[in-house]
Amino acid sequence: KIVIIFQLIQKPQLRGAEMFAAQLSEELTKNGNQVFLISLFPGSSILPFSGVHISLNRPIEKRWKDLEGWKELANLIDEYNPEIIQCNAGDTLKFAILSKKIYKWKTPVIVRNASMVSSYIKSPVTKWLNCFLYKNANLIISVSNLSAIDLNVLFPFTKSKTKVIPIGIDYHQSQNVDFNNSDQSSINVIHVGGFTFEKNHIGLLKIFKSFLQKKPNAHLHLLGEGPLKNQIHQLAFDLGIESNLSFYGWVSNPMDYIHKADVLVLPSIIEGLPGVLLEAMINNTIVVANNVGGIKEIIDHLQTGYLVNAHDEEAFVNAMVKAVSEDNSKIKIKAFELVEKKYLNANIALEFQKVYSEIIK
């Protein structure tokens, strides 16, 4: 049976949430479903989806009072009659639920929980609002077991309507790329992620400065954009390591750079289940990551990568040294096999389809 699905994203950008929504939509389309990728706010990035992409181009400053935008979504639902509305990160759940409440459409709403919500929901007002939104969602798909538990503890009523489906990735043969400002002798360290507090770029630069004392020929490649980027630029100068860093912004082919790197690092303080780790693992690039969120569900220390206790910067540096100095071939093989077996989008899409069929039967 062909299922008509609306996949809501915040905006066209090369961020993990939007990239996964686009890749999932592509796989769902390959399987015979009709998928509409609908972005709420303006963006200029080209996402990896060959189907219909509808941009509402709503002004982001009106997100709390966008009757016109909510009506536009209701009109699309009336026109195409989707059987599933899936909300993917950011403001999409709020947009969908307020549209549904005001304009009285009936389509089931599924929301992806891709992080640790308790880390963001602090004030009573924020908790009340999210309680209202989650109560009006038909199903919550958490990206990891830990993300699901975190949500269920904060909002116990969500337990009965929470499922866990991990993020997946697309795998393609990597193309050759050139790193900026590093030569053949460099140890290339890569980090992929937005410049937000969760990704802990401040800690990353302090870690990298210590790593340079042990490996002076190292170069750190930072892929991403975000509100803290200028601050991190300045911190690199303040720490005296600016000549060993390169800033790329978002790139359309991050896996090509990940494939070429010697090690991918992720010293985040908040995560759900980061796809960038899976991308490194499928590309035989060794990973060093903090043990936060659902990361330990894919990184088994010394089995599929190096797992470090959060905030232990010295241990992180030591793990990086081992990652680039020792024979990690067995770790790389196990990491590759894990992703190939459990985390490719072709398989993840089938899990989503099973959930959709349960909702609409």
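Visitor: Is Glu225 exposed, partly exposed or buried?
Guide: This is a predicted model, and the relative accessible area of Glu225 in it is 34%. Buried would need under 20%, and exposed over 50%. The value falls in between, so Glu225 is partly exposed.

Visitor: Which residue forms a salt bridge with Glu225?
Guide: Side chains of opposite charge can pair when their charged atoms come close. Here the closest N and O atoms are 3.2 Å apart. The partner of Glu225 is Lys229.

Visitor: Does Lys229 count as buried or exposed?
Guide: Its relative accessibility is 14%. The limit for buried is under 20%. Lys229 therefore counts as buried.

Visitor: Which residues do salt bridges that share partners join into one network?
Guide: One link is the salt bridge between Arg58 and Glu68, with the closest N and O atoms 3.7 Å apart. Arg58 sits in the loop between β3 (52-55) and α2 (67-80), while Glu68 is in helix α2. Shared partners make one network of Arg58, Asp66, Glu68 and Glu72.

Visitor: Is Arg58 buried or exposed?
Guide: Look at both ends of its salt bridge with Glu68. Glu68 has a relative accessible area of 54%, so Glu68 is exposed. Arg58 has 7% relative accessibility, so Arg58 counts as buried.

Visitor: How many residues apart in sequence are the parts that Glu313 and Lys206 tie together?
Guide: These two residues form a salt bridge, with the closest N and O atoms 3.8 Å apart. Glu313 lies in helix α10 (residues 313-325) and Lys206 in helix α6, so the pair ties together parts whose separation in sequence is 107 residues.

Visitor: What is the relative accessibility of Lys206?
Guide: Glu313 counts as partly exposed at 28% relative accessibility. Lys206 also counts as partly exposed. The value for Lys206 is 40%.

Visitor: How many salt bridges does the structure hold?
Guide: Several have come up already, including Arg58 with Glu68 and Lys229 with Glu225. The total for the structure is twelve.

Visitor: Which strands are the edge strands of the open sheet?
Guide: The sheet has six strands in the order β10-β9-β8-β11-β12-β13, with parallel pairing. An edge strand pairs on one side only. The edge strands are β10 (245-249) and β13 (306-308).

Visitor: What does the twist average from one strand to the next?
Guide: Strands of a sheet pair through backbone hydrogen bonds, either parallel or antiparallel. In this sheet the pairing is parallel. From one strand to the next, the average twist is 20 degrees.

Visitor: At about what angle does helix α6 run to β9?
Guide: Helix α6 spans residues 201-214. It lies across β8, β9, β10 and β11 (263-266). Its angle to β9 is about 165 degrees.

Visitor: Which residue is the bridge partner of Gln7 in β2?
Guide: Strand β1 (residues 4-9) pairs with β2 in the parallel sense over six bridges. Strand β2 (residues 34-39) is mostly covered, with five of its six residues buried. The partner of Gln7 is Leu37.

Visitor: Is Pro166 buried or exposed?
Guide: Pro166 is found in the loop between β7 (162-164) and β8 (187-192). Beyond residues up to four places away in sequence, it touches Phe20, Val143, Leu273, Tyr343, Ile348 and Glu351. Its relative accessible area is 15%, so Pro166 is buried.

Visitor: What radius of gyration does the chain have?
Guide: The secondary structure comes to twelve helices and 13 strands, and 55% of the 361 residues count as buried. The C-alpha trace spans about 60 × 40 × 40 Å along its principal axes. A compact globule with 361 residues would have a radius of gyration near 21 Å. The chain agrees, at 21 Å.

Conventions:
Residues numbered from 1 in each chain as written. Predicted model: local features only at pLDDT ≥ 70, side-chain atom pairs only at ≥ 80, totals over all residues. Heavy atoms only, no water. Helix = DSSP H or I, 4+ residues; strand = E, 2+ residues; numbered from the N terminus. Buried < 20%, exposed > 50% of the residue type's maximum accessible area, 1.4 Å probe, protein only. Contact = heavy atoms within 4.5 Å. Pairing = 2+ DSSP bridges. Axes fitted to C-alpha atoms, helices over the stretch in contact; angles between N-to-C directions. Rg over C-alpha atoms; globule rule 2.2 N^0.38 Å. Salt bridge = Lys/Arg side-chain N within 4 Å of Asp/Glu carboxyl O.
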